[in-house]
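Here is a short tour for anyone meeting this structure for the first time.

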Amino acid sequence: MISPSTLPPLPTLSKAVAEWATSVRELTTPDAIHWVEGSDAEHQSFIDQLQSNGELQKLNEAHYPNCFLARSHPSDVARVEHLTFVCTTNRDDAGPNNNWMPPAEAYAKMQELFKGCMKGRTLYVVPYCMGPIDSLYSRCGVEITDSAYVVINMMLMTRAGRPALERIAREGNFVRGLHSIGELDPNRRFIMHFPEELSIQSFGSGYGGNALLGKKCHALRIASYQARHEGWLAEHMLIVGLTSPAGETHYVVAAFPSACGKTNLAMLIPPDSMPGWTVTTVGDDIAWLHPGPDGRLYAINPEAGYFGVVPGTNAKTNRNAFKMIQRDTLFTNVALTADNRPWWEGLETGKPVIDWQGRPYDPANGPAAQPNSRFTVSAKRNPRYASEADSPSGVPISAIIFGGRRRGVAPLVYEARDWNHGVLVGASVASETTAAAIGQAGVLRRDPMAMKPFAGYNFGDYWAHWFAMGQRLKDPPKIYHVNWFRRGADGKLLWPGFGDNLRVLEWILKRCTSKAAAQESHIGHLPRPADLNLQGLSIAQPALDELLSVRPEEWRTEAADIGKFFEQFGARTPAALWAEVKALQKRLG
Ligand code: OXD
Ligand code: MN
């Protein structure tokens, strides 16, 4: 083994990265520079440093070994969609789905903010690889940041350090991400994307979705733009492996908006009444999808860790995640118990004494844990981590599932008639907003393919790209829509969700292998109650009927609303999408 001291120094590996780091240093004037190697010892030294300056607090070692708590500024707890921009030369290329600013204006604005902003701080250079280091499908980037908290998160969430920089040196190209926490002033906070130059600039926030630039900024906004030009898809999707009692394994991807249960589905625990099933996680948030040589679609997870929502996680809702976050986990904005354990709403044991802002807990101040409090943990800590997650060729996908959080209209599950109809199903996803982004939660909005906050270009062009991808696949996955969140007249959820969602997945897999029946409806194919495996589930017949009901009068309104939404995209809305809307309206009468 080569001793680290004999390795070439990182700044000598790539001239392009070194030159860029120098220009950033001249602009931001930090006191010191640190190039991230990616070693465990280095990760530990960042933890020690953050602990000694009070930015991290060690949690109860006996119960939560090697776990830490970080608290963010109370104004900096979620993504800021209204301050996130896609800066293309031509405004229409960003589309009505993005905030836009001319690139020159955005660069000038950011230049002012970054000028001298790292004075008194250290500049960290974090080379990272999104995806297995040896996969042709992976893409690299470098994040320059002045936050050691961001660095330790990036080290958990990506393959960060020397091997990534070596790959960048070989390939010659990389996404340039520049980040500073600035003064955390919400009025001086911008997340700018320059997809034409593969560059990102983020100022004034330390929150994951705004500051860990490998995640939403690179792996979704920049990558979706790159993917369109290179013939693949970068999507807001979990990737899960499902092995049936007969030993047959299929992989499916599922796109749900933020905080709608992707992590839970990716780590699903089969109910006791469904013995013999095995579920493994390839990814919980992002999938990069490529047509494979056999005409099927293949997925890799570009990430190496999970940045998940903590509240609601317990042994019943997600036993795997619950176990996973008992050690080696970084918690952000949770509450604390008297014996220094993390606490959150839904935890079922212990009680909070200190809230997420570090104040004595008082229910009058609201929830003890911030509703968007998060865990960051290496994916390798997942007891159900799929070894295929490291496969350079990815996993073949049998089904694509779209879904939203809707109290009505959308049934528990339905199947699109074909790929093109599936593009309509994805493009018309609607969901109630959640705490993952600043703004009012619970408001229904269109969130096509769960990519509203993340598509790095005009949705019209994005849908056209989806249609084109379908044509390139000889054996495309089937496409589905699910809604775990339908409610009855009493306002209560009709479906138990969590592990029981496997019943829906089982029907989907059987459909993919022509082993299950369905009935045709105006909106696609639905299971009849008899087509679902309901053994061991106690659910009343009226609830089941409601879950599987499609009301043409509601859907006529829905179709009109979908059409209105697509109109915003004018001539960029593909004719194929209009053809699908017309066909739906015709079926609805
Ligand atoms: C996330 C999000 O953090 O979608 O994954 O906001
Ligand atoms: Mn997400």
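Two residues count as being in contact when they have heavy atoms within 4.5 Å. Helices (H or I, at least four residues) and strands (E, at least two) are DSSP runs, numbered from the N terminus.

## Ground rules

This is a predicted model, in which local features need pLDDT of at least 70 and side-chain atom pairs count only at pLDDT 80 or more, while totals for chains, interfaces and linings use all residues. Residues are numbered from 1 along each chain as its sequence is written, chains are lettered from A and ligands numbered from 1 in the order in which they are written, and side-chain values use heavy atoms, with hydrogens and water left out.

## Two helices that meet

Let's begin with a helix pair. Two packed helices are described by the angle between their axes and the distance between the axes. Here, helix α2 (residues 40-52) and helix α5 (residues 148-157) have axes that come within 10 Å and cross at roughly 145 degrees. Those axes are lines fitted to C-alpha atoms, for helices over the stretch in contact, with angles running from 0 to 180 degrees between N-to-C directions.

Which residues do the meeting? From α2 come Glu42, His43, Phe46, Ile47, Gln49 and Leu50, and from α5 come Ala148, Tyr149, Val151, Ile152, Met155 and Leu156. Sorted by class, that contact has 9 nonpolar, 2 polar and 1 charged residues. For the sorting, Ala, Val, Leu, Ile, Met, Phe, Trp, Tyr, Cys and Pro are nonpolar, Asp, Glu, Lys and Arg are charged, and the others, Gly among them, are polar.

Thr158 sits in the loop between α5 and β8 (159-160). At 5% relative accessibility, Thr158 is buried; that word means under 20% relative accessible area, with exposed over 50% and partly exposed in between (1.4 Å probe, protein chains only). Apart from neighbours within four places in sequence, Thr158 is in contact with Tyr128, Cys129, Met130 and Ala304.

## The manganese site

What holds the manganese ion (ligand 2)? Its protein donors are Lys216 (NZ), His236 (NE2) and Asp285 (OD), at 2.1 to 2.2 Å from the ion. Donors are N, O and S atoms within 2.8 Å of the metal (3.2 Å for Na, K and Ca), and since water is not among the atoms, sites may look incomplete. Along the chain, the donors follow the spacing K-x19-H-x48-D.

Lys216 is in helix α8 (residues 214-230), while Asp285 is in the loop between β15 (278-283) and β16 (287-291), so this pair links distant parts of the chain, 69 residues apart. Lys216 is buried, at 6% relative accessible area, and Asp285 is buried too, at 9%.

## Aromatic pairs

Rings of Phe, Tyr and Trp (its six-membered ring) pair if their centres lie within 6.5 Å; planes under 30 degrees apart are stacked, over 60 edge-to-face, and the rest tilted. By this rule there are 24 aromatic pairs. Take Tyr414 and Trp555: their ring centres are 6.1 Å apart and their planes stand at 85 degrees, so they are edge-to-face. Tyr414 lies in strand β24 (residues 413-415) and Trp555 in helix α15 (residues 552-567), so the pair ties together parts 141 residues apart in sequence. Both Tyr414 and Trp555 are buried.

Phe459 and Tyr462 make a tilted pair, because their ring centres are 5.5 Å apart and their planes are at 55 degrees. Both lie in helix α12 (residues 459-472), 3 residues apart, about one turn of the helix. Phe459 and Tyr462 also belong to one aromatic cluster with Tyr457, Trp463, Phe565, Phe566, Phe569 and Trp578.

Most residues other than glycine have a negative phi, and most peptide bonds are trans. Leu184, though not a glycine, has a positive phi of about 55 degrees. You'll find Leu184 in the loop between β9 (175-180) and β10 (190-194), partly exposed at 22% relative accessible area. Leu198 has a positive phi as well, near 50 degrees, and lies in the loop between β10 and β11 (199-203).
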